[in-house]
Amino acid sequence: MESVTNVMEYEILAKERLPKMIYDYYASGAEDQWTLQENRNAFSRILFRPRILVDVSNIDTTTIVLGFNISMPIMVAPTAMQKMAHPEGEYATARATSAAGTIMVYKDRNVVMQLVKRAKKAGFKAIALTVDTPRLGRREADIKNRFVLPPNLSLKNFEGLDLGKIDKTDDSGLASYVAGQVDWSLSWKDVKWLQTITYLPILLKGVLTVEDARLAVESGAAGIIVVKAVHGRLPVFLDGGIRRGTDVFKALALGASGVFIGRPAVFSLAVDGEAGVRKVLQMLHDEFELTMALSGCRSINDISRSHITTPWDPPRVTLRL
């Protein structure tokens, strides 16, 4: 897809190619979708403070996440049912990037244990535990479309676990399925329990407040995805709204250790399979590298809070020359 020049264009192309029910499932959010829009809009309110006359002939975008060296602080987020986008689904995405495991906590703890064992056996290096979805948001597009998994697909990860299937209902089949399976009583004690059944590091996905970030530290989590409030005691990852390399730079300047992309990977997968995901990652890498150069940063460690300005910053003192 030589004509694609930025990540957003893949969503336009995916909308043309995917059935409406499937596109809406990937693209929509809950209710008024305010958070979905704000994820993007928030980045536009953060401005750059570039430093000049820095030798940027050699830019190093590599970093370390959970002890593993990676080429850039851009990773692919856990995203369900990718075979709706492309026949090769998660296989294609895994070939395009280093995959990380994710689970939701089910009422039957034996199911959780089986999923964790499978993740370890498959060679995953971490578990991403979704902690902000005791109940699925009211996704109105899915309700209108009577969302149900296409008949040629199944929840492959749950084969042999007797968890039923996503059936057609009067609203969203997915919402009905999740309501019957996910444990609404999930609490901090379950985070500690999860550590007793695996040595894999556990990332908590969906931490939104300072108070919960501190509890994540106390619970023994290896990292959190979304908010900064742990004073360097845990790596923090941002998930949501990343569409440009400039967004990646801004996230790191605010204190993130890395970012995750979800929809860009799925939309590019729908358009061009593995090659599409590879191109999205390459475009984000190149944009991020360019932003580093224009900001006077030669390595990830050079990126600091002083390289950006935000609406909530106190007024800066202007030096008089």
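**Entry 1: helix α10**

I looked up which residues of α10 are buried, and found G245, D247, V248, F249, K250, A251, L252 and A253. The model is a predicted one, and I keep that in mind for every entry below. Helix α10 covers residues 245-253, and eight of its nine residues are buried, so the helix is largely enclosed by the rest of the structure. The cut-off I applied for buried is under 20% relative accessible area. I also checked what follows the helix. Just after α10, G255 has a positive phi of about 120 degrees.

**Entry 2: α10 against α11**

I noted first that two packed helices are described by the angle between their axes and the distance between the axes. How do the axes of α10 and α11 cross, and within what distance do they come? They come within 7 Å and cross at roughly 60 degrees. That makes α10 oblique to α11. The crossing of this pair is right-handed.

I then listed the residues that meet. From α10 they are G245, T246, V248, F249 and L252, and from α11 they are L284, E287, F288, T291, M292 and S295. Sorted by class, this contact has six nonpolar, four polar and one charged residues.

**Entry 3: α4 against α11**

Next I looked up helix α4, residues 89-96, and its packing on α11, residues 263-295. Their axes come within 9 Å and cross at roughly 20 degrees. That makes α4 roughly parallel to α11, because an angle under 35 degrees counts as roughly parallel. I recorded this crossing as right-handed.

Which residues make the contact between α4 and α11? On the α4 side I found G89, A92, T93, R95 and A96, and on the α11 side L269, E274, V277, R278 and L281. By class, there are five nonpolar, two polar and three charged residues here.

**Entry 4: strands β6 and β7**

I moved on to the strands. Strand β7 runs over residues 202-207, and six of its six residues are buried, so β7 is largely enclosed by the rest of the structure. Strand β6, residues 127-130, is joined to β7 by four bridges, and the two run parallel. One pairing I looked up was that of L129, whose bridge partner in β7 is L204.

In a regular strand the side chains alternate between the two faces of the sheet. With that in mind I checked the two sides of β6. I found I127 and L129 on one side and A128 and T130 on the other, and these are all buried, so both faces of β6 are covered.

**Entry 5: two loop residues with positive phi**

I looked for a residue that has a positive phi without being a glycine, and noted Q33, at about 60 degrees. Q33 sits in the loop between α2 (20-27) and α3 (34-44). Its relative accessibility is 27%, so Q33 counts as partly exposed.

L53 also went into the notebook, with a positive phi of about 55 degrees although it is not a glycine. L53 lies in the loop between β1 (47-48) and β2 (63-65). Is L53 buried or exposed? L53 is exposed, with a relative accessible area of 87%.

**Entry 6: T62**

I stayed with the loop between β1 and β2, where T62 is also found. The relative accessible area of T62 is 42%, so T62 is partly exposed. Leaving out residues up to four places away in sequence, T62 touches I70, S71, M72 and I300. I also looked up T62 and P73, which are 11 residues apart in sequence and 7.1 Å apart in space, C-alpha to C-alpha.

**Entry 7: the whole protein**

Last, I wrote down the totals. The secondary structure comes to 11 helices and 11 strands. The protein has 321 residues, and 46% of them are buried. I then asked about contacts between residues at least 6 apart in sequence: what share joins residues at least 24 apart? The share is 66%.

Technical notes: Residues numbered from 1 in each chain as written. Predicted model: local features only at pLDDT ≥ 70, side-chain atom pairs only at ≥ 80, totals over all residues. Heavy atoms only, no water. Axes fitted to C-alpha atoms, helices over the stretch in contact; angles between N-to-C directions. Parallel < 35°, antiparallel > 145°, perpendicular 65-115°, else oblique. Left-handed = near helix turned anticlockwise from the far one by under 90°. Contact = heavy atoms within 4.5 Å. Nonpolar A, V, L, I, M, F, W, Y, C, P; charged D, E, K, R; others polar. Buried < 20%, exposed > 50% of the residue type's maximum accessible area, 1.4 Å probe, protein only. Pairing = 2+ DSSP bridges.
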